[in-house]
Amino acid sequence: MSALIAILPGDGIGPEIVDEAVKVIDCLRDDFGLDAELETAPVGGAGYDAAGHPLPESTLELCRRRADAVLLGAVGGPQYDDLPRELRPERGLLGLRSALELFSNLRPAILYPQLAGASSLKPEIVSGLDIMIVRELTGGIYFGQPRGIRELENGEREGYNTLVYAEHEIERIARSAYEVAMKRGRKLCSVDKANVLEVSELWREVMIRVGRDYPEVELSHMYVDNASMQLVKWPKQFDVIVTKNMFGDILSDTAAMLTGSIGMLPSASLDRNGKGMYEPIHGSAPDIAGNNRANPLATILSVAMMLRYSLGQPALAERIEQAVSRVLDQGLRTDDIADGGSGVSTREMGDAVVAALRNQEK
Ligand code: IPM
Ligand code: MG
């Protein structure tokens with residue numbers, strides 16, 4: 001049966017980079033027998049412009065009920081900054097994660113050997129880097145209730161959010177992380193703040209308990225402040241990191257930058273059945289939107305993750321990854337990874353990946 005892929009370009013550079021990823025999907029359909037249909041829908045600011053809401057009902061229906069997987073570009077832009085919070089583009093993204101119960105967010109940080117020079121860290125610290133951050137994505141302080149801004153008796157305002165994790169939420173992200181670790185180097189570092197937060201105390205306890213089902217995986221614990229330091233000091237000590245929503249948001253940006261460009265890194269957000277949403281780690285980059293300068297590789301690599309985790313096509317996933325590696329070998333660079341100079345355009349990069357795919361032996 002044909003798979004249905006929801007295509008959500010979103011805002012800023014989103015549409016440009018998603019166009020290139022769609023070229024890659026089309027190539028897989030034409031030349032490599034991928035059986036997939038695509039349906040495009042608005043989300044984020046584009047959703048607000050089209051339907052008055054960052055997550056229009058029809059987009060949600062497509063993603064939740066009909067699609068087998070979702071490919072998302074990016075959301076957000078300065079023109080939406082003054083909207084009420086519940087209508088901001090980010091709400092569309094958070095709403096999708098939550099409605100689809102995409103609790104497990106896989107964010108790899110891989111240094112391509114061809115890009116060793118693009119990192120701001122010394123080559124010996126980052127060469128060969130390959131870590132996976134498993135970020136809990138539908139709980140914690142980003143979703144906890146109560147939240148808001150209230151007025152105190154003295155007239156002063158107070159902002160408040162709630163950091164809360166139920167045991168089952170910790171348990172399912174723990175299992176997801178252990179499963180990932182089993183397929184990699186079997187080392188799992190759980191990052192928390194158990195010296196201060198009760199939530200982290202429970203988190204740690206559940207991580208240890210679930211670990212009894214995975215005796216082959218070596219579990220360690222690290223406080224988040226130390227983890228942020230260790231990530232830039234000696235990142236190769238890590239294999240898989242599992243952490244709460246907010247800590248994962250922050251640490252995954254750091255990890256991404258170790259590799260030289262956030263423009264290279266894909267991500268997968270999975271539910272308990274492996275249905276998922278795939279998106280680049282980077283944002284909508286409004287400053288370069290519409291200029292044909294953005295790096296489409298993170299989005300193209302997100303398609304590879306989709307083929308691997310949701311569509312059961314690991315061989316096609318590898319083809320994409322090899323094609324990307326090939327264009328890097330050929331010296332193609334977009335501005336973000338071009339050493340100081342100016343690089344190729346978004347479309348040139350996408351075309352080069354498609355050409356590299358076509359040149360592979362069938
Ligand atoms: C991310 C982003 C989002 C998040 C924003 C856009 C809501 O920073 O995917 O990391 O905080 O999760
Ligand atoms: Mg983030």
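Student: Let's start with charges. How many salt bridges does the structure hold?
Tutor: The structure holds 20 salt bridges. A salt bridge here is a side-chain nitrogen of Lys or Arg within 4 Å of a carboxyl oxygen of Asp or Glu.

Student: Which residue pairs with Arg 66?
Tutor: Glu 39 does, and the closest N and O atoms of that salt bridge are 2.9 Å apart. The pair links distant parts of the chain: Arg 66 sits in helix H3 (residues 57-66) and Glu 39 in strand S2 (residues 36-40), 27 residues apart. Helices (H or I, at least four residues) and strands (E, at least two) are DSSP runs, numbered from the N terminus.

Student: What should I know about the model itself?
Tutor: It is predicted: local features need pLDDT of at least 70, side-chain atom pairs count only at pLDDT 80 or more, and totals for chains, interfaces and linings use all residues. Residues are numbered from 1 along each chain as its sequence is written, chains are lettered from A and ligands numbered from 1 in the order in which they are written, and side-chain values use heavy atoms, leaving out hydrogens and water.

Student: New topic. How is the protein chain divided?
Tutor: Into domain 1 (1-109 + 265-362) and domain 2 (130-258). Those bounds come from an automatic or database domain assignment. The C-alpha centres of the two domains lie 25 Å apart.

Student: How many residues of each domain are in contact?
Tutor: 18 residues of domain 1 are in contact with 20 of domain 2. Contact means heavy atoms within 4.5 Å.

Student: Which residues of domain 1 lose the most area to domain 2?
Tutor: Phe 103, Arg 107 and Ala 109, together 39% of what that side buries. Buried area is the accessible area (1.4 Å probe) that two parts lose on being put together, summed over both. Domain 1 and domain 2 bury about 1700 Å² between them.

Student: How far is an oxygen atom of ligand 1 from an N or O atom in the side chain of Arg 97?
Tutor: 2.7 Å. For Arg 107, the corresponding distance is 2.8 Å. For Arg 135, it is 2.8 Å.

How values were computed. A polar contact is a pair of N or O atoms within 3.5 Å; within protein, one must be able to donate a hydrogen and the other to accept it, and residues adjacent in sequence count only if both atoms are side-chain atoms.
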